[in-house]
Amino acid sequence: MNIKLPELPYDIDALAPHVSARTLEYHHGKHHRAYVDKLNKAIKDTGYEQLSLESIISRSHGTTHRNVYRNAAQAWNHGFLWHSMSPTGGSAPGGRLKKMLDSSFGDLDGFTKAFKKAATGQFGSGWAWLVNDKGKLKVIATDDADTPLVLDQKPLLTLDVWEHAYYLDYQNDRGAYVDTFLKHLINWKFAASQLG
């Protein structure tokens, strides 16, 4: 079974002007596709090719198959990222998710500050995440391709802070990119759906 590049859940220009069609063409069409293609090449005739993407991640993590793990994790992280953003995002969360955010961070502003700190404070390449850690919400950052899937945490939202995610639109201003995500793109409906 080959791992497939998932389609974007919206049109290529749907996130503009916050994320341009050009950025998504490169980010999804070239970077995400490259991780999927490299993963399919790396798992050929290894036994991994019969597994789901999540199983490949869990079985290759911490092994000598680092190339398999890195490309599988990046493929999964990117697929999750596309749903973490929405053309109609940025509104306040409600219901159970709001209660959990308030309990964990004090209020939405507390979450926003924690998420921005994690995203802008990540040195070099990586990801910022909102995760459910055994019933408590946390904001974490992961290096390079790492994913909360191997930390026994349930991802709710993510933001890619590798430069390829924002450089065409924001140059080296990661802070502006993170602010835009939090104000205009963050998909609270998706996050709520991940609570289970």
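Rings of Phe, Tyr and Trp (its six-membered ring) form a pair if their centres lie within 6.5 Å; planes under 30 degrees apart count as stacked, over 60 as edge-to-face and the rest as tilted. The structure is a predicted model, in which local features need pLDDT of at least 70 and side-chain atom pairs count only at pLDDT 80 or more, while totals for chains, interfaces and linings use all residues. Residues are numbered from 1 along each chain as its sequence is written, and side-chain values use heavy atoms, with hydrogens and water left out.

**Aromatic rings**

By the pairing rule there are eleven aromatic pairs. Two of them are listed here.

| Pair | Centre to centre | Angle between planes | Class |
|---|---|---|---|
| F111 and F115 | 5.5 Å | 45° | tilted |
| Y170 and Y177 | 5.9 Å | 55° | tilted |

F111 and F115 are separated by about one helical turn, because they stand four residues apart in helix α5. Both F111 and F115 are buried, where buried means under 20% relative accessible area, exposed over 50% and partly exposed in between (1.4 Å probe, protein chains only). Y170 is buried as well, at a relative accessible area of 16%, and Y177 is buried at 4%.

One aromatic cluster is made up of W76, F80, W127, W129 and F190. Another ring, that of Y26, has K30 over its face, 5.8 Å from the ring centre; this requires NZ of Lys or CZ of Arg to be within 6 Å of the ring centre and within 35 degrees of the ring normal.

**Helices α5 and α7**

Helices (H or I, at least four residues) and strands (E, at least two) are DSSP runs, numbered from the N terminus. Helix α5 covers residues 108-121 and helix α7 residues 174-185; they pack at about 145°, with axes 10 Å apart. Axes are lines fitted to C-alpha atoms, for helices over the stretch in contact, and angles run from 0 to 180 degrees between N-to-C directions.

Contact means heavy atoms within 4.5 Å. On the α5 side the meeting residues are F111, T112, F115, K116, A119 and T120, and on the α7 side R174, G175, V178, D179, F181 and L182. Of the residues in this contact, six are nonpolar, three polar and three charged. Here Ala, Val, Leu, Ile, Met, Phe, Trp, Tyr, Cys and Pro count as nonpolar, Asp, Glu, Lys and Arg as charged, and the others, Gly among them, as polar.

**D133**

D133 belongs to strand β1, residues 126-133. D133 is buried, with 13% relative accessible area. Apart from neighbours within four places in sequence, D133 contacts K138, D152 and Q153.
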